[in-house]
Amino acid sequence: DLLEPTLLQRAHVRAIVPDRPGIGLSTWRAHRKLSEWPTDVAALTAALKIERFALMGVSGGAPYALACARAMPHRITRTAIVSGIGPLEVLDTIPRQEQGQSYFQLARRSYWLVRAVTWLMERGLRQPDKLMAQVYATMPPADQATLSDPRTRQSFLNLLHEAFRQGSHGLAWDATIIARPWGFALHEIKLPIDLWHGDADRNAPLAMGGYMAEQLPNSYLHILPGEGHFSVAVRQMTTILQTLVVPTDFAAG
């Protein structure tokens, strides 16, 4: 867990973090679609007897959170998107040097291309120091500082190990789903959405956050100066949780 250990307790938040199919302990499901995820979340929350809840989507979790916000608005109180990966077609409208990392762009072209990348990532976990050095080299200063903390660094590696528990195919298909058309339009989502995005994010360029803010009719984009992709979730989580637990009205951003 990248978060400070007592944060959720101090915020009086119960966090439920389900694994998507093929990732962690969740059963692999071939050719699954983004539109199927709200059904999984509905079944999970029904089993836990949770009627209404807030949502958070971090990085590649953004499309999944937004799919739920569209499919079950009567059950969701509020949604936060943190360093969110937006629809990849927005990359066609911005300069190449601002497009961020190539991971999802490879997935946009071919499942097998991104499968090769995830396979290399999985093998890289056998030499964590070398892997982290490679990761650091691509990061802005805020992300480097965040993952230089020993506890956060180890938590990051633990998350990677868990993601690859069943091999590389789950993450590769997940990236493919995110990179393809999502099957719904953002303007269909009427729920309040808070978007949190660092202006130094090299994984999901700020243009993605700006595009989602323009398309979501009841959203507000919080631009965080100097923050990267990972640092937002670690450094700003107290504030982000406050917007979910004690929601306030805001004008569409």
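Trainee: How many aromatic pairs does the count come to?

Mentor: This is a predicted model, and rings of Phe, Tyr and Trp pair if their centres lie within 6.5 Å. By this rule, the count of aromatic pairs comes to six.

Trainee: Which kind of pair do the rings of tyrosine 111 and tryptophan 173 make?

Mentor: Their centres are 5.6 Å apart and their planes stand at 65 degrees. Tyrosine 111 belongs to helix α5 and tryptophan 173 to helix α9, 62 residues apart, and the pair thus links distant parts of the chain. Planes over 60 degrees apart count as edge-to-face, so the pair of tyrosine 111 and tryptophan 173 is edge-to-face.

Trainee: Is tryptophan 182 buried or exposed?

Mentor: Tryptophan 182 forms a tilted aromatic pair with phenylalanine 184, with 6.0 Å from centre to centre and 40 degrees between the planes. Buried means under 20% relative accessible area, and because tryptophan 182 has a relative accessible area of 9%, tryptophan 182 is buried.

Trainee: How are α6 and α8 oriented to each other?

Mentor: Helix α6 (residues 128-137) and helix α8 (residues 150-163) pack with their axes 12 Å apart, at an angle of about 105 degrees. Angles of 65 to 115 degrees count as roughly perpendicular, and α6 and α8 are therefore roughly perpendicular.

Trainee: How many residues of the contact of α6 with α8 are charged?

Mentor: Residues of α6 including Asp129 and Leu131 meet residues of α8, among them Arg153 and Phe156. The contact of α6 with α8 has seven nonpolar residues and no polar ones, while the number of charged residues is two.

Technical notes. Residues numbered from 1 in each chain as written. Predicted model: local features only at pLDDT ≥ 70, side-chain atom pairs only at ≥ 80, totals over all residues. Heavy atoms only, no water. Phe/Tyr/Trp six-rings, centres within 6.5 Å; stacked < 30°, edge-to-face > 60°. Helix = DSSP H or I, 4+ residues; strand = E, 2+ residues; numbered from the N terminus. Buried < 20%, exposed > 50% of the residue type's maximum accessible area, 1.4 Å probe, protein only. Axes fitted to C-alpha atoms, helices over the stretch in contact; angles between N-to-C directions. Parallel < 35°, antiparallel > 145°, perpendicular 65-115°, else oblique. Contact = heavy atoms within 4.5 Å. Nonpolar A, V, L, I, M, F, W, Y, C, P; charged D, E, K, R; others polar.
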